Amino acid sequence: MTFVESQGDRKYRTSKRVGGLVECSSLQVELRRFDPGWQVDLTLECTEIAVLLSGQSKIRWTGDGHRQEAIARPGVAWICPAGVHESDVEIIGTMPESLHIFLPPSLVGESALSNFDIDPAKVQLAYAGGVPDPMVLHIGQLFRGLLNRSLEPTDRLFLDGVQMALVAHLLGTYSSGRWHPAVRVPTIDPKRLQRVFDFIEARIAAEISLNDLAAEACLSPFHFARMFRKATGLTPHRYVTERRIEAAKEKLRLAGSSLVEIALDTGFGSQANFTRVFRKMTGLTPGQYHRLAVSACRTEFDVCARTPERKICA
């Protein structure tokens with residue numbers, strides 16, 4: 001299968017493509033931004049792996065005949081094998097960076113035989129939606145580093161290795177004989193949870209205590225903390241910190257404020273505390289992240305200027 005059009009543009013018509021893998025016919029990798037809204041109903045002819053890199057949103061959808069919903073946050077992934085129909089997809093938040101990898105349906109089977117000596121006839125991926133997957137997140141971040149630029153020979157060698165690692169992970173985790181959806185336990189009511197999310201976003205620059213969040217959910221702090229973690233996979237404190245880091249990233253990309261101003265505007269209290277937490281969670285200082293963001297923006301602009309027919313920034 002050779003891709004002649006963007007699979008993401010077909011499926012996610014209300015989103016914006018902000019990056020893509022240049023000059024590669026064996027697979028498509030796209031970075032997309034989602035705002036609240038509905039997507040089109042579609043059955044793709046290829047296999048799609050999607051993982052959220054930044055942002056957070058509640059998502060409701062029907063996949064493989066089942067109505068589902070999940071809290072999307074960085075590291076939450078979707079595995080959609082070729083031929084599975086997805087419909088009624090509703091996005092209720094903003095996701096600035098969602099990475100989508102589209103694979104030909106034969107690629108997983110061919111790799112199973114040639115690289116792992118597995119009978120392709122016995123390989124079938126299961127549908128998995130809204131599952132935290134650190135490995136898919138790591139692979140997605142590796143792909144992200146190759147976007148919006150022409151590939152050098154060493155890049156192509158690296159790409160082959162990342163692609164093989166992805167296929168190995170899919171076969172080892174999501175083959176129909178191995179994958180079993182987690183049993184969902186009762187968690188906090190979605191409306192209460194949304195009130196908590198809205199409260200956090202509105203007060204991101206202020207001090208936010210566990211008691212404040214529990215009061216928004218009309219629960220005791222003990223029960224709220226336990227139920228919030230079941231619903232999101234994160235403690236309330238960790239979730240608030242991640243949201244502050246994401247807000248800080250947005251401000252660093254815009255580069256209109258000093259580090260002290262960004263620290264205060266995102267609730268860190270001081271530049272020293274902001275720098276310490278930011279480096280712990282991203283591996284970069286705020287200054288290093290700003291320089292990389294500016295460089296990536298310039299590279300994207302240059303690629304769009306040289307190759308307008310690719311519509312990388314469309």
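Student: Which residue stands opposite E86 in β8?
Tutor: In this predicted model, the residue standing opposite E86 of β8 is G63.

Student: How many bridges pair β5 with β8, and in which sense?
Tutor: Strand β5, covering residues 47-63, pairs with β8 over four bridges, and the sense is antiparallel.

Student: Which other strands pair with β8?
Tutor: Among them is β3 (residues 37-38), which pairs with β8 in the antiparallel sense over two bridges, with I91 of β8 as the bridge partner of G37. Strand β4 (residues 42-43) is also joined to β8 by two bridges and runs antiparallel to it, and there T43 stands opposite H85.

Student: Why do you call β8 largely enclosed?
Tutor: Strand β8 spans residues 85-91, and five of its seven residues are buried, so the rest of the structure largely encloses it.

Student: Switching to α10, what is its span?
Tutor: Helix α10 runs over residues 271-282, and its 12 residues reach 16 Å from the first C-alpha to the last, close to the 16 Å expected at 1.5 Å a residue.

Student: And which of its residues are buried?
Tutor: F274, V277 and F278 are buried in α10. Viewed down the helix axis, the buried residues of α10 fall within an arc of 100°, so they line one face.

Student: What does the face turned away from that buried side carry?
Tutor: That face of α10 carries the exposed residues A272, R276, R279 and K280.

Student: What comes just after α10?
Tutor: Just after the helix, G283 takes a positive phi of about 80°.

Definitions and conventions
Residues numbered from 1 in each chain as written. Predicted model: local features only at pLDDT ≥ 70, side-chain atom pairs only at ≥ 80, totals over all residues. Heavy atoms only, no water. Buried < 20%, exposed > 50% of the residue type's maximum accessible area, 1.4 Å probe, protein only. Pairing = 2+ DSSP bridges. Expected span 1.5 Å × (residues − 1). Arc of directions from axis to C-beta.
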